[in-house]
Amino acid sequence: WSVKIPEGYEEQLKDKAEFLRQVMNDMDHSWGSFIRQATSFNRFGFAPVEKVYRKRYKKNGSKHDDGLVGLKSLPLIAQDTVSSWEWQEGGRELAGLNQYAVEPNGKRGVMTSSWKEEFIPVKKFMLIRNNPLKNNPEGESPLKSVYMAWKYKTNLEEFQATGVSSDVRGLKVLYIPPRYMAEDASPEDKEVYAYYQRIMRNLHMNEQSGLILPQVLDDQGEQYFKFDVISVTGQKAFDTTAIIASYKNEIISALMASQLILGQGGGGSFSLAESLQSISNMAIESKLIEIRDQLNHDLVTQLFQLNGWPTDVVPYWDFGDLVSPDLDVLSKFLQRAGAAGLVSQDANTINWVAAQANMPTPFEDQTISVEDARKQLTGFTSNAGEGMTEGMGNGVGSSMGGGDNSTGNTENA
């Protein structure tokens, strides 16, 4: 995350931009900690973040001592502590929320909740939401769309585990004379029946490893009490593993993370993985845009108002690139675009290209001429740049149809 200035206002707003950079690093917690808590809206559907201000004095814990209004913290108002919402203007405008009081009770690791509610007005918190349809303050959790698949998947996993357990242990059968099971059995016989029921229950729960049976034979020589384990293995009517995998894939696809399972079924390709990753990046970017918009629309505006500054044009927070650029693709683009005269070899452009590769900044002075910049480029005399000469002599293409005549670049063969 960084602070940016609207184009054309660099000089007027550079001090205010520096103030916002200081704000990021002048809280009781890190900026990254705030972002991680704010992204909990992607699970719950909403994330109310309280705005705690303070005068910037070192005695107040600030790193600065200028008396401006800064930020002390941006704590998350835990979603499970929000009891209700308050409205105004006949239900058209959100007035605030009611929060259950949660306080330590003095014992280590123990928190207590009281039924006392505290009202927090809407001006005291930012409300970050996912898909706020009809201005619903609680948004919509992405997990809502995968609940049924998760429910069936979980149940099937339990059934499968139970089935495997039964197959491994087998079905235990105990044969006893019928008189012990009769409704009109004597109290002594009923006690014997209850005793063997407890034995079978213990065997099923693995609380008993064996049992002792009396060696009693009937008139035909058959044993009165007989224990057996019957195997229940066999072909099932349904492949539960495949069904569970189907529900898992449905969940992952609904959460736009299909690249996580690509190739597990034996198929897939690099181009498909790249496309799926792009979809995931779009989903992630939409979440970051929501956080960014709330920061700039709500927090920056209120922070400037508290300091008595105008809010018509202000610097703003923005997030960086989600992924590093593909340098191979970038280099081909630069060479081909340069051959057509679309890329200027000025210091600013060269610095940007170096930044994409995390290289040191070539030119601290970005006001030097294009000719001086080109003379200092190591790669200017390489074969890879021969095709760029015609279109980039003075930084502006002289011929849009020049083409890339480089023989050292096999990509252009």
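Does Lys 153 count as buried or exposed? The points below begin with that residue; the model is a predicted one.

1. Lys 153 counts as buried, because its relative accessibility is 16% and the cut-off for a buried residue is under 20%. The partner of Lys 153 is Glu 157, with which it forms a salt bridge whose closest N and O atoms are 2.9 Å apart. Glu 157, by contrast, is partly exposed, at a relative accessible area of 32%.

2. As to the placement of this pair, Lys 153 and Glu 157 both belong to helix α4, which covers residues 147-169. They are separated by four residues, about one turn of the helix.

3. A further pair within a helix is found in α1 (residues 10-24), where Glu 18 and Arg 21 lie three residues apart, again about one turn of the helix. The two side chains form a salt bridge, and 3.5 Å separates their closest N and O atoms. Both partners count as partly exposed: Glu 18 has a relative accessibility of 37%, and Arg 21 has one of 33%.

4. Arg 179 and Asp 189 also meet through their side chains in a salt bridge, at 3.0 Å from N to O. Arg 179 is located in the loop between β9 (171-175) and α5 (187-204), whereas Asp 189 is in helix α5, so this pair ties together parts that are ten residues apart in sequence. Asp 189 is buried, with a relative accessible area of 13%, while Arg 179 counts as partly exposed at 45% relative accessibility.

5. Some salt bridges share partners: Lys 4, Arg 292, Asp 293 and Asp 318 are joined in this way into one network. Over the whole structure, the search finds 14 salt bridges. In general terms, side chains of opposite charge can pair when their charged atoms come close.

6. Which residues make the nonpolar surface patch of about 430 Å²? The patch is made by Tyr 147, Met 148, Trp 150 and Tyr 152. Of these, Tyr 147 lies in helix α4, the helix that also holds Lys 153 and Glu 157. Tyr 147 counts as partly exposed because its relative accessibility is 42%, and the patch criterion requires over 30% relative accessible area.

Notes. Residues are numbered from 1 along each chain as its sequence is written. This is a predicted model: local features need pLDDT of at least 70, side-chain atom pairs count only at pLDDT 80 or more; totals for chains, interfaces and linings use all residues. Side-chain values use heavy atoms; hydrogens and water are left out. A salt bridge is a side-chain nitrogen of Lys or Arg within 4 Å of a carboxyl oxygen of Asp or Glu. Helices (H or I, at least four residues) and strands (E, at least two) are DSSP runs, numbered from the N terminus. Buried means under 20% relative accessible area, exposed over 50%, partly exposed in between (1.4 Å probe, protein chains only). Patches are made of residues with over 30% relative accessible area and no salt bridge: like charges are joined within 9 Å, nonpolar side chains (Val, Leu, Ile, Met, Phe, Trp, Tyr) within 5 Å. Accessible areas come from the Shrake-Rupley method with a 1.4 Å probe; for residues, only the protein chains shown count as cover.
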